[in-house]
Amino acid sequence: MSTPVDGGLLTMVPPAIVVLAVALLLPLVSRRVGHALGLLVTGGTLVWVLSVAEGAYLQTQFLGFEAVLFNVDQLSRLMGIIFAFIGGIAVLYSYATDASNRQTAYALGYVGTSLGAAFAGDWLTFVFFVELMAVASTLLVWDYGGRAVRAGFRYALWHGLGGSLVLAGIIWHYVEVGSFLFTATDGIAPGIPAAFYALGFGVNVGYIGFHVWLPDTYPRPHIAASVFLCVYTTKTGVYALGRAFPEGSLWLAYMGGLMTVFGAAFALVQNDMRRLLSYHIQSQVGYMVAGVGIGTALASAGAFAHVFNHILYKALLFMCAGAIIYRTDTSDLKKLGGLWREMPITAVIFAVAALSISGFPGFNGFVSKGMVIAASHKEHMDALWYILLLGGVGTFMSFIKFGYYAFFHGEAQQTVSGRELNLGQLVAMATVAILCVYYGFAHGALFSLLPGGDSLDYTVFTEGHLVEGFGLALIGLVAFVAVKRPLERVGGAVPDIDYVYNRASFFGTRALVVAVTELYAAVDRFVVRTANTTVWMFRHPVPALSMTAPWLLPERTRANGDEELHPELQANIGQATFLVVAVLLGTLFLLFLAVA
């Protein structure tokens with residue numbers, strides 16, 4: 001981190017606090033005024049991020065520990081720029097799609113806490129804002145009601161688990177280092193702190209097995225809420241891994257590579273538009289995690305260039321899907337088709353977003369995805385290189401499927417009355433689409449935003465990279481044609497990993513409950529039988545002794561059997577109870593003496 005400098009008025013109040021204050025104000029004003037305030041505060045934050053000088057600001061005490069509430073370096077500035085910009089776009093889109101003030105208030109709370117995490121200068125402040133992000137995003141999901149409520153509970157459960165692991169890692173880091181400040185060490189302390197931290201943020205970024213909350217949650221809420229949700233949680237997770245592992249990590253690199261293929265494969269079999277896009281969040285975040293894991297200058301720059309680009313085209317894709325749902329009231333690709341006649345502008349904007357996420361030459365994804373793939377090749381990580389290329393083929397296949405079934409397959413099954421996009425939707429979507437193309441060609445403008453981007457030695461439009469981009473597109477097209485009919489038979493019903501562990505946890509829990517219940521019943525039966533036997537033995541000493549110790553009986557009693565009782569061995573219920581209690585008390589007394 002650079003030497004702290006005085007930022008003047010720009011550092012008196014953190015922008016996150018201003019955004020959160022506006023979020024609290026929104027429910028008290030009209031919808032038009034509320035969304036105007038949202039645009040004003042996100043636009044103002046963008047200006048703030050672009051204007052403030054680099055350095056650490058507002059060093060203070062937080063919960064009794066030394067803390068830095070501002071950490072304005074190249075990485076936090078990059079995250080602040082894209083978080084503030086897309087926040088403003090999403091607010092405009094929310095207004096254009098009839099979102100309520102309350103929903104947008106929760107969304108701004110989500111934006112504000114994400115900005116707080118991005119500009120934190122120590123691990124404690126960082127995790128504090130990350131946990132507030134989880135709360136705000138859960139409320140954003142729950143606000144829609146219906147099926148979103150159950151998804152929100154699952155979302156909260158997963159992020160509660162992840163947050164607990166992250167906090168454990170950070171506390172362990174403090175024990176080993178003695179400080180929460182980023183400047184105290186170069187990343188998170190190695191060993192157990194790093195393991196807890198990486199596993200915890202594995203929930204945010206969607207490691208395989210930790211990802212199931214993502215396709216379950218993002219298709220459920222309001223269409224505008226999905227635009228916010230697709231941006232902040234996963235990308236803050238990538239930012240967190242970049243902060244913690246500046247030198248990279250081999251297992252992170254390969255986990256990222258596997259995420260690219262896994263997410264693309266499951267996206268390919270989905271028929272719900274937003275569920276398909278949600279799986280592709282995992283796939284695209286895989287490139288970012290792989291870049292962080294490779295750890296070289298090119299790979300790290302590629303990872304965060306992909307963060308920036310992904311936020312643009314993924315938000316645009318969710319806005320396109322939302323526009324279709326807004327006009328047709330369906331998210332099922334099998335119920336659409338031929339929409340290019342009804343929604344031609346949306347079809348063109350979707351094509352820009354789809355080519356961007358697929359990494360087609362001339363679009364922003366081609367630049368950043370190519371950087372990560374090139375870094376893996378340059379470091380001779382051949383297995384990872386092939387995995388990342390395979391993920392690229394899967395991405396082309398998925399978005400050929402999306403575009404084909406939504407816009408071109410057959411005749412339009414839905415009619416759209418009036419304008420296909422209202423003014424707010426058009427401005428929001430067209431602005432982002434233009435930037436996807438702009439950063440595909442003006443890659444120097446993108447590099448200037450990246451940490452170390454000014455000295456980055458990377459040429460985008462090389463012959464090999466162009467062949468790679470066009471080749472992946474061609475292979476993806478041919479592969480989609482080959483699997484199109486089998487995919488239609490699958491019908492989007494392929495179970496994910498949670499199918500296994502949901503049932504394992506259900507039947508395992510049921511087996512545990514049955515085992516505990518049966519054990520309790522067996523113990524209960526044993527105790528009752530023992531008590532009954534003891535009482536019977538004291539009440540009928542002769543039969544009892546004759547069965548257990550007949551040599552203790554007098555001769556006459558043994559000769560006559562059970563029918564004739566010796567008077568000295570007769571006992572009533574009171575005497576038997578007294579004897580049992582006396583024996584128990586004596587046993588307890590002996591135990592007390594032994595312990596003492």
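**Close-up views of pockets, cavities and a polar contact**

**Figure 1. The second largest pocket has a volume of about 300 Å³.** A total of 16 residues line the second largest pocket, and Ala354, Leu355, Phe396, Phe399 and Ile400 are the closest to its centre. The structure shown here and in the other views is a predicted model. Helix H14 (344-358), helix H16 (382-408) and helix H19 (463-490) each contribute at least two residues to the lining of this second largest pocket. The largest share is that of H16, with seven residues. By class, the lining of the second largest pocket comprises 14 nonpolar and two polar residues, with no charged residues.

**Figure 2. The largest pocket has a volume of about 670 Å³.** Its lining is made up of 29 residues; those nearest the centre of the largest pocket are Leu75, Gly242, Arg243, Pro246 and Pro451. Two or more lining residues come from each of helix H3 (74-96), helix H9 (223-244) and helix H12 (297-328). H12 provides five residues, the largest share of the lining of the largest pocket. Sorted by class, the residues lining the largest pocket are 13 nonpolar, 11 polar and five charged.

Figure 3. Of the 13 residues that line the largest cavity, Val130, Glu131, Ala134, His159 and Asn204 lie nearest its centre. At least two lining residues are supplied by each of H5, H6 and helix H7 (192-205). The lining of the largest cavity consists of six nonpolar residues, six polar residues and one charged residue.

**Figure 4. The second largest cavity holds about 70 Å³ of space.** Its lining is formed by Ser358, Gly359, Gly365, Phe366, Lys369, Gly370, Ile373, His465, Glu468, Gly469 and Leu472. Helix H15 (364-378) and H19 are the elements that give two or more residues to the lining of the second largest cavity. H15 gives the most, with five residues. Three of the residues lining the second largest cavity are nonpolar, six are polar and two are charged.

**Figure 5. The side chains of aspartate 143 and arginine 102 make a polar contact at 2.6 Å.** Aspartate 143 is located in the loop between helix H5 (123-142) and helix H6 (147-177). Aspartate 143 counts as buried because its relative accessibility is 16%, and the limit for a buried residue is under 20%. When residues up to four places away in sequence are not counted, aspartate 143 touches Ser100, Arg102, Gln103 and Tyr106.

**Figure 6. Arginine 102 belongs to helix H4 (residues 101-118).** Arginine 102 has a relative accessibility of 48% and therefore counts as partly exposed, the class between the limits of 20% and 50%. Its side chain is the partner of the aspartate 143 side chain in the polar contact of 2.6 Å. Arginine 102 and glycine 34 are 68 residues apart along the chain, and their C-alpha atoms are separated by 9.4 Å.

Terms used: Residues are numbered from 1 along each chain as its sequence is written. This is a predicted model: local features need pLDDT of at least 70, side-chain atom pairs count only at pLDDT 80 or more; totals for chains, interfaces and linings use all residues. Side-chain values use heavy atoms; hydrogens and water are left out. On a 1 Å grid over the protein atoms alone, a cavity is a set of points where a 1.4 Å probe fits but cannot get out, and a pocket is an open set with protein on both sides within 12 Å along at least five of seven lines; lining residues have an atom within 4 Å of a point. Grid points are joined across faces, edges and corners, and a volume is the space filled by probe spheres set on the points. Helices (H or I, at least four residues) and strands (E, at least two) are DSSP runs, numbered from the N terminus. Ala, Val, Leu, Ile, Met, Phe, Trp, Tyr, Cys and Pro count as nonpolar, Asp, Glu, Lys and Arg as charged, and the others, Gly among them, as polar. Buried means under 20% relative accessible area, exposed over 50%, partly exposed in between (1.4 Å probe, protein chains only). A polar contact is a pair of N or O atoms within 3.5 Å; within protein, one must be able to donate a hydrogen and the other to accept it, and residues adjacent in sequence count only if both atoms are side-chain atoms. Contact means heavy atoms within 4.5 Å.
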